[in-house]
Amino acid sequence: MVSQRTSTLLSAFVCLLSSAGTTWGHGHGMGVVKVVAEEGNDAILPCSPSTKENIESKLFDWKKDGQMEVFMYDAGIHYNNDLSGQDEQFSRRISHFQEQLKYGNASIVIRNTTMADSGDYTCAFPHLKPGGEIYNIQLVVRASPKPYVSIYDVTDDGVQLKCEVQGAFPQPTLQWQDSDGKVLPAEEPRVSERGGRYSITLQTTVTSITTNRFHCVAKQENIGHVVNAEIIVPKKLFEDKSCHGSSMDGFLEF
């Protein structure tokens with residue numbers, strides 16, 4: 001069964017499919033559809049032939065990275081009933097919209113997405129005339145944890161703030177900003193990568209001039225995602241010399 005949330009997303013995709021025409025990425029190089037999903041959520045990969053014809057008795061085939069069999073439908077037979085050959089990665093995780101086939105909707109749903117699902121997908125109608133049609137969809141499964149911010153130290157130069165992001169994908173860029181959104185000078189970020197996930201630490205030193213509120217902003221610009229965390233520095237830390245030179249990791253976080 002298709003969930004209510006998936007049905008809502010489908011309605012939006014149907015509208016887009018009806019109006020978008022070849023901008024959905026025809027096989028002859030007219031574009032690629034980019035779909036972004038948060039890790040653990042479902043993703044709808046849209047596809048419809050240019051004719052928008054009834055495809056209940058047609059063949060369409062979804063592949064990933066040119067070779068992995070994702071979902072095949074052949075005149076009512078498909079990987080969720082009697083057809084074999086589906087790649088194990090997608091077993092019991094793919095569904096299609098049976099009631100929408102009459103309107104030419106060959107979209108599929110990938111349930112519970114993981115980073116391994118990221119890649120280039122094709123939706124092919126090999127028997128449509130003339131010469132068949134192929135559509136290209138890029139799926140990006142993002143991991144976008146919220147930054148962890150803390151007071152790291154207090155020195156004669158000011159209060160040192162630390163921002164950490166663990167296990168993000170795609171790799172984000174970090175910035176420290178004041179309450180007005182002005183980007184603050186910071187040290188070189190420390191970046192590590194493991195299993196395709198990125199962990200980044202960025203430190204800055206602030207002094208209380210006009211504000212004691214600061215933000216760490218994590219941007220994944222290639223997918224248009226931004227998340228931030230705020231920290232409020234007690235004003236006494238800018239004045240109390242007894243705190244200087246003392247590590248305060250994890251003193252405050254928001």
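This is a predicted model: local features need pLDDT of at least 70, side-chain atom pairs count only at pLDDT 80 or more; totals for chains, interfaces and linings use all residues.
Me: What makes Cys163 and Cys216 a disulfide?

Reply: Their sulfur atoms are 1.9 Å apart. The cut-off is within 2.5 Å, so the pair of Cys163 and Cys216 counts as a disulfide. Cys163 sits in strand S11 (residues 158–168) and Cys216 in strand S15 (residues 213–220), so this link joins distant parts of the chain, 53 residues apart.

Me: Why is the disulfide of Cys163 and Cys216 called left-handed?

Reply: Look at the torsion about the S-S bond: it is about -75 degrees, so the disulfide is left-handed.

Me: How many disulfides does a search of the whole structure find?

Reply: Two disulfides turn up. Besides the pair above, Cys47 and Cys123 are joined, with their sulfur atoms 2.1 Å apart. Cys47 lies in the loop between strand S2 (43–45) and strand S3 (59–64), while Cys123 lies in strand S8 (residues 119–125), 76 residues apart. The link of Cys47 and Cys123 is left-handed, with -85 degrees about the S-S bond. Both Cys47 and Cys123 are buried. With the bonded cysteines numbered in sequence order, the pairing reads 1-2, 3-4.

Me: On to the rings: how many aromatic pairs are there?

Reply: The count comes to six aromatic pairs. One of them brings together Phe60 and Phe71, with ring centres 6.3 Å apart and planes at 40 degrees.

Me: Why is the pair of Phe60 and Phe71 called tilted?

Reply: Planes under 30 degrees apart count as stacked and those over 60 as edge-to-face, with the rest tilted. The planes of Phe60 and Phe71 are at 40 degrees, so the pair is tilted. Phe60 belongs to strand S3 and Phe71 to strand S4 (residues 68–74), eleven residues apart.

Me: How do you know that Phe60 counts as buried?

Reply: Its relative accessibility is 0%, and the limit is under 20%, so Phe60 is buried. Phe71 also counts as buried, because its relative accessibility is 0%.

Me: What makes the pair of Phe125 and Tyr135 edge-to-face?

Reply: The planes of Phe125 and Tyr135 are at 85 degrees, so the pair is edge-to-face, given a cut-off of over 60. Phe125 is in strand S8 and Tyr135 in strand S9 (residues 133–142), so the pair ties together parts ten residues apart in sequence. Both Phe125 and Tyr135 are buried.

Me: Which residues form one aromatic cluster?

Reply: Phe60, Phe71, Tyr73, Tyr79, Phe125 and Tyr135 do.

Notes:
Residues are numbered from 1 along each chain as its sequence is written. Side-chain values use heavy atoms; hydrogens and water are left out. Helices (H or I, at least four residues) and strands (E, at least two) are DSSP runs, numbered from the N terminus. Buried means under 20% relative accessible area, exposed over 50%, partly exposed in between (1.4 Å probe, protein chains only). Rings of Phe, Tyr and Trp (its six-membered ring) pair if their centres lie within 6.5 Å; planes under 30 degrees apart count as stacked, over 60 as edge-to-face and the rest as tilted.
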